[in-house]
Amino acid sequence: MSQLKQDITLLSGIGQLSTTLLGTGLFMVPAIAAGIAGHFSLWAWLVLFIAICPIGLTFAQLGKRYPSAGGTAFFVRQAFNTRLEKSVAWLFLSVIPVGVPAAIALAAGFLQQLLPQSLSSPLFAQLLTVALLIGVNLAGAKSSGQLQSVIAIAIFALIGAFWWQGDFSTADLALPTLTTSGITSIGVALGVMFWCFVGIEAFAHMGEEFKNPQRDFPIAIIVGCFVAGATYWLCSVIILKLGACGSAHFDSASIPWVSEQLFGTQFKVLISVIGFAACFASVNLYTQSLSRMLWAQARDYNPDSGLARLSIRGVPANATLAVGGVVALSCVVGAVSGLDLEVFLKLANGIFVLVYLLAMLSAFKLLRGVDRVLAGVALLLCSAVFLCLGWSMLYAVVVFGLLNLPWKRRRVAKPS
């Protein structure tokens, strides 16, 4: 078997993308954004959604025309050459030791609260999360998509319960009148909020596994982005009305605090379950995309490698185990060394934005007509965001630069 199974339906695709975009962000970013911009953060969410539309639509058109497990690397190959494709592939894979363990640590924080006291240690919770990720990924894209659809329903039900119990009305949805200081705060908040829509590039790796990629893949991206954006906006309205923002305590505990205020402490375990599930869903898609990137590179350039093999379920099992092994090792190193996970997240963000930028550059060359205009707008937006990253973009630039050095040309020929 040399091809991935086409098991992903439109509904499961929407569930996968929406839960990936929500992920850890729902439990932190609305409160952080509200703390920065207050009620003007509602304007910021609208601005962000409008800005993300060209990027999402461009990824949708790329995935429709070039469905491949190689994702952005495959798009780059179609637009430029195989050498640049390999650089992009390894650039994306370089997020494994820095970005994925940090996200797993956030998920494990919720899991810890559900474990017995004797097993409730950060490292054990992280390794258990890695084991669960490997198990879900080995079960196949169909099972993974169904699981994430269930998680998406649970998240929507939680936000709906908050809205109902908090006695909200349409009056709470009113946008404040814009002021000069408000516009400034919106700009600052957007720098934090952009990361809520990091995940579309990972979803691009799943295009090859859609039953009908030409029809369903672009719809899944558009609807998934809209669902995630609407959920973030409603969550922000709830947080602002209840005042769950403005201090460091709420940066990671706003949703549990809101739940306690509205329902009491009896739902503490349920919130931990939903929190873990949401974070798990986000990391799950990245694990899938990274393993498929590794498999796609092995399939195209080293087909006899064990990494190029698929299981009887049509899953790149060896590539999944390799990714899981590196992630588990990184979790151990992080726990032993006490390295700052926030720094790792910032380094990973630089890689993600650079991958976005390269995907939009490829789209600008490959697409035509209105699609090319959208790709151009998206390219400008990604370039602006990348420049705003500051020092955290250096990791991505250095890695990408090293990958593009002419290593083979530097070899000195031996005298005959």
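Colleague: Before we look at any residue, what counts as a contact here?

Modeller: Contact means heavy atoms within 4.5 Å. Keep in mind that this is a predicted model. Now try Ser149, which sits in helix α8, residues 141-165.

Colleague: Okay, which residues is Ser149 in contact with, leaving aside its neighbours within four places in sequence?

Modeller: Those are Leu11, Ser12 and Gly15. As for Ala108, 41 residues away along the chain, its C-alpha atom is 21 Å from that of Ser149.

Colleague: Next, helix pairs. How do I read the angle between α6 and α13?

Modeller: The general idea is that angles over 145 degrees count as roughly antiparallel. Helix α6 (residues 99-112) and helix α13 (residues 268-301) cross at roughly 160 degrees, and their axes come within 8 Å. The two are therefore roughly antiparallel to each other. Their crossing is left-handed.

Colleague: Which residues make that contact?

Modeller: From α6 they include Val100, Ala103, Ile104, Ala107 and Leu111, and from α13 they include Ile271, Gly275, Cys279 and Val283. Here's a handy idea for looking at such lists: an α-helix has 3.6 residues a turn, so residues three or four places apart point the same way. By class, the contact of α6 with α13 has 13 nonpolar, 2 polar and no charged residues.

Colleague: What about α4 and α5: how do they cross?

Modeller: Helix α4 (residues 72-79) and helix α5 (residues 82-93) cross at roughly 165 degrees, with axes that come within 8 Å. That makes α4 roughly antiparallel to α5. This crossing is right-handed. On the α4 side you'll find Thr72, Ala73, Phe74, Val76 and Arg77, which meet Thr82, Leu84, Glu85, Val88 and Ala89 in α5. Sorted by class, that gives 6 nonpolar, 2 polar and 2 charged residues.

Colleague: And which residues of α5 meet α17?

Modeller: Leu84, Ser87, Val88, Trp90 and Leu91 do, facing Ala396, Val399, Phe400 and Leu403 in α17. Helix α17 covers residues 394-403, and it packs against α5 at an angle of about 140 degrees with the axes 9 Å apart. Here too α5 passes in a right-handed crossing. The contact has 8 nonpolar, 1 polar and no charged residues.

Key:
Residues are numbered from 1 along each chain as its sequence is written. This is a predicted model: local features need pLDDT of at least 70, side-chain atom pairs count only at pLDDT 80 or more; totals for chains, interfaces and linings use all residues. Side-chain values use heavy atoms; hydrogens and water are left out. Axes are lines fitted to C-alpha atoms, for helices over the stretch in contact, and angles run from 0 to 180 degrees between N-to-C directions. Helices (H or I, at least four residues) and strands (E, at least two) are DSSP runs, numbered from the N terminus. Angles under 35 degrees count as roughly parallel, over 145 as roughly antiparallel, 65 to 115 as roughly perpendicular and the rest as oblique. A crossing is left-handed if the near helix is turned anticlockwise from the far one by less than a right angle, and right-handed if clockwise. Ala, Val, Leu, Ile, Met, Phe, Trp, Tyr, Cys and Pro count as nonpolar, Asp, Glu, Lys and Arg as charged, and the others, Gly among them, as polar.
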